[in-house]
There are 2 protein chains.
Amino acid sequence: MTTDFSIKLPPIAKRGDTLAQVSTPALLIELDAFEHNIACMADMARQHGVALRPHAKAHKSSVIAQKQIAAGAIGICCQKLSEAYPFVAAGISDIYISNEFVGPAKVAMAIELARHVKLSLCVDHIAQIEALGLAADAAGVVITVLVEVDIGQARCGVARMEGLATLVDGIVRHPALRFGGLQAFHGGIQHLTTWDLRRTSAAASADKVATYAQFLAARGIACPLITGGGTGTAEFDVASGVFTEIQPGSYIFMDAHYGANEWAGNKMPRHSLFIAATIMSTAKNDIAVCDVGLKGVAIDSGMPLVKQDDELKFIRANDEHGVLKIIDNPDAIARDRLGEQVLLIPGHCDPTANLYDQYVCIRNDRVEDIWDIDARGLSQ
Amino acid sequence: MTTDFSIKLPPIAKRGDTLAQVSTPALLIELDAFEHNIACMADMARQHGVALRPHAKAHKSSVIAQKQIAAGAIGICCQKLSEAYPFVAAGISDIYISNEFVGPAKVAMAIELARHVKLSLCVDHIAQIEALGLAADAAGVVITVLVEVDIGQARCGVARMEGLATLVDGIVRHPALRFGGLQAFHGGIQHLTTWDLRRTSAAASADKVATYAQFLAARGIACPLITGGGTGTAEFDVASGVFTEIQPGSYIFMDAHYGANEWAGNKMPRHSLFIAATIMSTAKNDIAVCDVGLKGVAIDSGMPLVKQDDELKFIRANDEHGVLKIIDNPDAIARDRLGEQVLLIPGHCDPTANLYDQYVCIRNDRVEDIWDIDARGLSQ
């Protein structure tokens with residue numbers, strides 16, 4: 001024992017390590033699948049002449065945002081103002097905050113962001129517009145403001161034409177604000193399991209957005225941008241003739257929840273996000289206990305799946321324990337799995353990525369790179 | 001717009017701010033309740049002559065660990081080896097890792113920790129003992145090792161006397177290892193709702209631990225330490241005559257899940273952990289939408305409760321949205337709550353604290369201090 005309290009955590013992995021050497025829990029990106037997903041979504045948007053603005057809330061990493069932009073994305077969405085800061089610092093120059101915010105601290109953040117990048121914001125209340133307009137005017141910045149319309153999610157967004165008109169008029173009235181168009185997202189239809197149900201629901205949503213845009217057009221107000229959609233409806237949104245921009249996030253990772261959807265043709269993104277876990281207790285015959293629990297995987301959309309191991313099923317997460325049931329098979333039970341590595345496919349990628357500080361990037365079972373999750377925890 | 005990408009996030013709060021000024025989402029500690037909880041548990045352990053070793057997995061903050069030790073705790077528990085590092089760096093000198101681990105990277109961490117502090121570890125497999133013994137011997141350190149016994153949780157820990165004997169013999173055989181005693185935790189009984197059911201279950205668990213200790217005593221092996229228990233059973237564990245040390249974690253915060261328990265007399269810890277949220281969309285009549293979702297509160301043990309507001313019920317969490325139902329009351333619905341601050345009591349404190357980087361400490365509705373959550377995310 002020394003009296004020197006300087007102690008430094010070892011890195012979770014080093015470039016060139018084998019996958020088996022990666023210390024667990026670790027959040028892995030399998031680069032081949034990841035790059036495939038990035039390219040496919042960019043190609044699909046390009047083919048339909050629709051802009052792609054991926055949602056950075058899914059990955060919270062400026063390295064990934066840069067790769068998405070290199071593949072053709074015009075910028076990114078963030079869901080919170082503070083979340084945008086590391087992307088600005090990394091040089092991303094076009095950011096849209098696709099979510100409402102309120103209060104002087106948040107307005108000050110918005111103004112600060114607008115001083116650095118091409119910023120657009122989203123509102124659904126006249127008070128948000130008034131506060132923002134005054135602050136933008138005082139700061140001498142011009143900010144593009146979109147109005148969120150409710151297309152079925154029944155959460156945020158105006159649901160009536162007169163409400164929309166009030167907000168658009170409020171934006172137009174402020175010299176420092178520009179009306180950018182409509183924000184329209186229906187999260188509830190992204191995970192409808194059958195392809196056909198998603199197709200018809202996406203069409204109904206697009207029709208609703210179109211009605212809002214037509215209402216504004218009849219009042220002589222152009223809608224430069226209609227933005228929305230997610231991973232589950234992107235293929236329909238790009239072909240809708242209504243959306244001019246899509247905002248998918250999860251497509252780069254493809255979590256287990258989205259994997260449970262039925263996908264047409266080759267449209268299903270590939271699973272690229274995994275959690276490396278290690279079995280650290282085998283004291284019971286019918287379970288193996290791994291080192292990934294609630295602090296290593298989000299379970300709001302179901303338990304993680306075990307990759308390429310039919311003998312194990314993840315059945316329970318405690319704080320730092322994951323309980324894997326050994327499927328009833330005499331050979332499976334006989335083997336002592338202590339120390340074995342298991343790869344988990346998280347049920348929901350967004351809150352899972354928010355638990356980690358780094359992605360360990362794997363190609364051909366080797367660590368190729370390590371990327372910071374630089375917007376982790378930035379929820380303000 | 002400038003070409004200067006240097007941009008710096010504002011602090012979430014400053015000392016002296018009013019609670020209303022704290023930017024949200026923010027994780028709050030109400031200091032009066034928190035200090036009450038720390039003092040009560042320390043007093044209870046002291047009165048029964050039982051050591052208190054609080055579980056740092058609940059708070060992950062070296063400032064809080066220091067306060068627990070100042071109140072009489074003899075050291076802390078961590079649940080992961082990496083989690084212990086910031087506590088070592090902060091000068092905590094007695095750390096017990098109350099959970100199994102496996103593999104060379106983890107053994108190397110254990111040896112590094114043992115060079116700095118009085119370390120004790122927990123095993124339930126002979127292979128863990130062999131690897132640790134060899135490494136400790138090579139490094140010239142002596143490590144205390146406890147054996148986890150299963151007292152009903154059916155997760156980790158040996159469940160048979162011969163298994164216990166094998167492990168204790170394995171520890172005793174290694175010159176660099178010392179047999180420290182028994183780890184015995186039954187998480188499942190911590191949240192039994194009625195006081196009487198917890199009392200009888202805790203008694204049954206203590207009886208099981210005693211059987212293991214008696215088995216060892218009959219073989220001439222003393223058990224210096226019997227450690228375990230949690231917030232829900234602490235009052236019974238200290239009086240059991242079996243446990244020599246207790247490991248409660250949540251008692252400092254008292255989450256909604258523990259709050260649903262029935263408590264006797266004045267034994268119920270006070271709620272001291274809250275999430276400050278802001279209502280940022282009121283576009284629907286029957287709900288208010290706040291800025292705390294899955295990335296701001298863990299929902300594995302139920303939705304958060306709304307503090308001191310009978311008109312709102314938290315019913316759904318999306319990534320960055322929390323949906324609050326407005327209870328059916330014409331006056332409640334009529335008021336536009338945009339911008340109002342709401343305090344949430346998280347369902348489960350441990351994974352909620354793990355989402356934040358700082359605690360904003362409040363007394364008399366003012367920010368008194370800000371504490372780093374320096375072990376956040378350290379799950380290796």
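**Reading the predicted model of chains A and B**

User: What makes a side chain positive or negative here, and how far apart do the centres of the two sets lie in chain A?

Analyst: Happy to start there. Chain A has 33 positive and 43 negative side chains. Lys and Arg count as positive, Asp and Glu as negative, while His and the chain ends are not counted. Each charge is placed at NZ of Lys, CZ of Arg, CG of Asp or CD of Glu, and the centres of the two sets lie 3 Å apart.

User: What kind of model and numbering are these?

Analyst: The model is predicted, with local features needing pLDDT of at least 70, side-chain atom pairs counting only at pLDDT 80 or more, and totals for chains, interfaces and linings using all residues. Residues are numbered from 1 along each chain as its sequence is written, chains are lettered from A and ligands numbered from 1 in the order in which they are written, and side-chain values use heavy atoms, leaving out hydrogens and water.

User: Why is chain A called as compact as a globular protein of its length?

Analyst: Chain A has 11 helices and 17 strands (DSSP runs numbered from the N terminus: H or I of at least four residues for helices, E of at least two for strands). Its radius of gyration is 23 Å, close to the 21 Å that the globule rule gives for 380 residues, so chain A is as compact as a globular protein of that length. The radius is taken over C-alpha atoms, and the rule is 2.2 Å times the number of residues to the power 0.38.

User: Is S250(B) buried or exposed, and how do you know?

Analyst: Buried means under 20% relative accessible area, exposed over 50%, and partly exposed in between, with a 1.4 Å probe and protein chains only. S250(B) has 8%, so S250(B) is buried. This residue sits in the loop between β9 (245–246) and α9 (256–259) of chain B.

User: What about A105(A), in which class does that residue fall?

Analyst: A105(A) has 36% relative accessibility, so A105(A) counts as partly exposed. A105(A) belongs to helix α4 (residues 104–116) of chain A.

User: How many residues of chain A are in contact with chain B?

Analyst: 82 residues of chain A are in contact with 81 residues of chain B; contact means heavy atoms within 4.5 Å. The two chains bury about 6500 Å² between them, 57% of it on carbon and sulfur atoms. Buried area is the accessible area (1.4 Å probe) that two parts lose on being put together, summed over both.
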